[in-house]
Amino acid sequence: MRKVASCPPMRHWYSARRWVEMNAEIPSRVQPTPNAVSAPYWEACARGELSLQHCNGCQQFQFYPRTICSHCGGTDLAWQVVSGSGRVKSFTVVRRGISKAYAAPYVVALIELKEGPSMMSTIVGSEPEVVAIGASVQVGFEAWSEDIQMPVFSLT
Ligand SMILES: [Zn+2]
């Protein structure tokens, strides 16, 4: 006869209680960790500005922050405040948040910025049903912590 592993009753009780405790807490959102390369980006966000790296070699913008230009491989990069306007390139509606910190439904969108690069973000201030590919959007900022202002977009 095959033996089946069993857990003592106390373990079941502990697990159920712990599950209830964990779900009673409202976790914070996953916070980005600025590093030496991305710090200027997050500092601009904290000022309410969207700033991208601009290559002085090929005159292209890039996102996300990197140490070299993704277009020409150059290293002569400078930060420039950009318009914050763009269009919805693609999106999805999340109807079940990964935790209570992310109130569903919400829209995760790929935004094509006027300056060229695309960035993942969220659409706020509108019902998900009115978001459409090609819609014009404008950046805004949401406080995710004392230090982090997260870029989000609204339909214009
Ligand atoms: Zn370049």
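Which order do the strands take in the open sheet of three strands? The order is S2-S1-S3, and the pairing is antiparallel. More on that in point 3; some ground rules come before it.

1. What you are looking at. This is a predicted model, in which local features need pLDDT of at least 70, side-chain atom pairs count only at pLDDT 80 or more, and totals for chains, interfaces and linings use all residues. Residues are numbered from 1 along each chain as its sequence is written. The score pLDDT is the predictor's confidence in each residue, from 0 to 100. The protein chain has a mean pLDDT of 89, with 83% of its residues at 70 or more. One stretch to treat with care is residues 7-13, where pLDDT stays under 50 and the model has one contact beyond four places in sequence. Where pLDDT is low, the predicted coordinates should not be read in detail.

2. Overall layout. The protein chain has two helices and eight strands, and along the sequence they run α-α-β-β-β-β-β-β-β-β. Both kinds of element are DSSP runs numbered from the N terminus: helices are H or I with at least four residues, strands are E with at least two. Two residues count as in contact if their C-beta atoms, placed from the backbone, lie within 7 Å. Of the contacts between residues at least 6 apart in sequence, 48% join residues at least 24 apart.

3. Back to that sheet. Strands pair if DSSP finds at least two bridges between them. Strand S2 (61-62) and strand S3 (77-81) are at the edges with a single partner strand each, so one side of each has no neighbour in the sheet. Strand S1 (residues 51-55) and S2 pair in the antiparallel sense over two bridges, and His54 stands opposite Phe61 in S2.

4. A residue is buried if 20 or more other C-beta atoms lie within 10 Å of its own, exposed if 12 or fewer, and partly exposed in between, with C-beta atoms placed from the backbone. Buried residues make up 16% of the 156 residues in the protein chain. A nonpolar core is a set of buried Ala, Val, Leu, Ile, Met, Phe, Trp, Tyr and Cys residues joined through C-beta atoms within 7 Å. The largest one has 14 residues, and those with the most contacts inside it include Val82, Ala109, Ile111 and Phe153. Strands S5 (106-113), S7 (136-143) and S8 (149-155) each give two or more residues to this core, with the largest share, four residues, coming from S5. Setting aside residues up to four places away in sequence, Ala109 touches Val88, Phe91, Ser121, Thr122, Ile123 and Phe153.

5. Met119 sits in strand S6 (residues 118-123). With 18 other C-beta atoms within 10 Å, Met119 comes out as partly exposed. Beyond its neighbours within four places in sequence, Met119 is in contact with Phe63, Ile111 and Leu113.

6. Backbone spots to check. Most residues other than glycine have a negative phi, and most peptide bonds are trans. Here the Phe63 to Tyr64 bond is cis, with omega near 15°, and Tyr64 is in the loop between S2 and S3. Ala104 and Pro105 are also joined by a cis peptide bond, with omega about 0°; Pro105 lies in the loop between strand S4 (85-94) and S5. Gln59, not a glycine, has a positive phi of about 65°. Gln59 lies in the loop between S1 and S2 and counts as exposed, with 9 C-beta neighbours inside 10 Å.
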